[in-house]
Amino acid sequence: MAQTPPAVPADSIAAAAARLREAAATGVPTVPVRDLIGRDDVEAAYAVQTRLAAERIEAGATVVGRKIGLTSAAVQRQLGVDQPDFGVLFDDMEYADGSAVPADAILQPRVEAEIAFVLGADLAEGPLDHDQVREAVDHAVAALEICGSRVAGWDISFGDTVADNASAGGYVLGARRVPLTDFDPVAAEMTLTIDGETVSTGDGAACLGDPVNALVWLARQARDLGSPLRAGQVVLSGALGPMRPVAPGDAVRATVTGLGTVSVTFS
């Protein structure tokens, strides 16, 4: 009979949080934290994430939503996991469509194009099935997620990225808001360009078969953890194609059929 692995000690959780906190504060990426919390200990990784999120809230940041990661089967295989992950979006992480992101704002930035959902109703009660979750969406928008890693060289395991707020850095929402009655997330096709050159393509089916499936997964996870999704919150549902690194001077633009475009530059 398999034994349950021992819980990660509280001082190891604190030490992992300290590494990531220091990296964020100094702008100098740290070594991975998996030596402290394990490569795939879900409970320990989210404990670090929750600790760091609570510190940001105490310092005045406001939670405005969540981001979902690891929605690609290929990326899950790469990290040896069989489920997505999620991180917290704060109010200071949003950049306006067409704006410039300072070069030092996000560590080791990479971009990916996604469909974002803005909720019109809470997802705190009921079965949280596909129909309920879809009905709770007020509208969808094209989005760019600017991923950032506090871990040097993006040398991450599942535990590292979850602890590091799912490698969240920033996000940009497009201007066109479309209700799901007028938009099919599965059929959406995405093109991502950097300085006019196509660097990534994909479609809605690349995100757990349907971006709404990712939202269902998140809604259940968030409720189980005691912090359900609320009306007005933004959810980045996961990449529609491969993530790409960016550098100062790059101009990034994504087009999602049915939702239009979204863009940002890096200064």
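**View 1. Helix 1 passes helix 3 in a right-handed crossing.** Right-handed means that the near helix is turned clockwise from the far one by less than a right angle, and left-handed anticlockwise. This is a predicted model: local features need pLDDT of at least 70, side-chain atom pairs count only at pLDDT 80 or more, and totals for chains, interfaces and linings use all residues. Residues are numbered from 1 along each chain as its sequence is written, and side-chain values use heavy atoms, without hydrogens and water. Helices (H or I, at least four residues) and strands (E, at least two) are DSSP runs, numbered from the N terminus.

The axes of helix 1 (residues 10-26) and helix 3 (residues 42-58) come within 9 Å and cross at roughly 55 degrees. Axes are lines fitted to C-alpha atoms over the stretch in contact, with angles from 0 to 180 degrees between N-to-C directions. Helix 1 and helix 3 are therefore oblique to each other. Angles under 35 degrees count as roughly parallel, over 145 as roughly antiparallel, 65 to 115 as roughly perpendicular and the rest as oblique.

**View 2. Phe90 lies in strand 2 (residues 85-90).** Phe90 counts as buried because its relative accessibility is 1%. Buried means under 20% relative accessible area, exposed over 50%, and partly exposed in between (1.4 Å probe, protein chains only). Phe90 touches residues including Ile57, Val63 and Tyr171, not counting those up to four places away in sequence. Contact means heavy atoms within 4.5 Å.

**View 3. Asp182 sits in the loop between strand 7 (168-173) and strand 8 (189-194).** Asp182 counts as exposed, at 60% relative accessibility.
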